[in-house]
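Hello,

Here is the structure I promised to pass on to you.

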Amino acid sequence: MTPPLPTATADHARRFSVAPMMDWTTRDYRAFARCLTREALLYTEMVTTGALLHGTPRERFVGHSEVEHPLALQLGGSDAGELAECAAIAQHWGFDEVNLNVGCPSDRVQNNEIGACLMASPDKVARAVKAMQEAVSIPVTVKCRIGIDDQDSEADLDRFIDQVADEGGCRVFIVHARKAWLAGLSPKQNREVPPLDYARVQRLKTRRPELHISLNGGLATLDDARPHLQHLDGVMLGRAAYHDPWLLASVDEQLFGRPALVSSRLDALKAFRPYVKQRLAEGVRLNHITRHILGLCAGQHGGRAFRRYLSQHAHLPDAGIEVYDAALEWVSG
């Protein structure tokens, strides 16, 4: 496959983005999200440098369709040379941004010295970001926490941001407004137990106004997110945007001042149909595609029947576009 050409930078789109989420923000989810919003910045799942450099086929990790732009590739790694090489791959494959994960607290990433544990080594992050910047012309960004373990004072966060910005050249930070406990809490608990501290992120922006600071963590609706745009440059939603994808249908109008792409859930599903048909022709199982749309009609008339029909039929070996079409019969216009 010939990689697509790079597109414009993602600066404008960072006003609202969908967080990278393992097993969820796949290319099929992202293509469906594009039936709901043209403006939001979308992120891949985290891809480790080892997987990207040594895994085959490479398309498995960086393959995407043109409809997904603006699109960022999130990398997990700590070796500056490997990250620079992977950033170059990201640009070659047409991504609009490459993002370094400095926020994931899982044991698996800690054991590989990637993710949130890197907040304890701002010098290493700065070297990595600098090497990535030198390898590409697309933006290199960092997603981090407000702190880790007992190293979670405001001074610790300021020191991390300053070193990565001033020595590494990073201009864009997406900050999850919770610290991470690297031991004792599961990744799920680390998304829920440590208290949110939005004020700390706002003070960071006040102190470093020249940096782009986006907020992540605890935002469940656009009404939750909108007030933060008075103080910060962007907001990022994760699980809320996955479990209730219809939320994305309001993003363009409410946050970007542009007309909505679709006016109904049925319109979105019809817009997604050509993509589903194409992926089926490529040999992708229907349930691998439709698992990402099951929450679209939650609470709507026929929504339970829509979800049940897909759950019962999309996994069958011979499930084709006719199963998708039959599921749409349950969705009101």
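Below is what I found, going from the overall fold to single residues.

A word on the basis: this is a predicted model, so local features need pLDDT of at least 70 and side-chain atom pairs count only at pLDDT 80 or more, while totals for chains, interfaces and linings use all residues. Residues are numbered from 1 along each chain as its sequence is written, and side-chain values use heavy atoms, with hydrogens and water left out.

The protein chain has 16 helices and 8 strands (DSSP runs numbered from the N terminus: H or I of at least four residues for helices, E of at least two for strands). Its radius of gyration is 20 Å, in agreement with the value near 20 Å for a compact globule of 333 residues (taken over C-alpha atoms; the rule is 2.2 Å times the number of residues to the power 0.38). The C-alpha trace spans about 55 × 40 × 40 Å along its principal axes. Of the 333 residues, 57% are buried (buried is under 20% relative accessible area, exposed over 50%, partly exposed in between, with a 1.4 Å probe and protein chains only).

The largest nonpolar core holds 102 residues, and F16, V142, F173, L248 and F272 touch the most other members (a core is a set of buried Ala, Val, Leu, Ile, Met, Phe, Trp, Tyr and Cys residues joined through side-chain atoms within 4.5 Å). Helix α13, residues 265-281, gives the most to this core, with 7 residues. Apart from it lies another core of 8 residues, including L41, Y43, A72 and M236.

F272 also takes part in a stacked aromatic pair with Y275, at 5.4 Å centre to centre and 20° between the planes (rings of Phe, Tyr and Trp, the last by its six-membered ring, pair if their centres lie within 6.5 Å; planes under 30 degrees apart are stacked, over 60 edge-to-face, the rest tilted). F272 and Y275 are both in helix α13, 3 residues apart, or about one turn of the helix, and both are buried. W24, Y29 and Y242 form one aromatic cluster.

Strand β5 (residues 140-145) pairs with β6 in the parallel sense over 4 bridges (DSSP must find at least two bridges for strands to pair), and R145 stands opposite H176.

Leaving aside neighbours within four places in sequence, F173 is in contact with V142, I161, V164 and A165, among others (contact means heavy atoms within 4.5 Å). A165 lies in helix α7, residues 154-166, and is buried, with a relative accessible area of 2%.

Finally, some backbone details for you to check by eye. The peptide bond from T56 to P57 is cis, with omega near -10°, and P57 is in the loop between α2 and α3. A cis bond also runs from H69 to P70, with omega near 0°; P70 lies in the loop between α3 and β3. D149, in the loop between β5 and α7, has a positive phi of about 45° although it is not a glycine.
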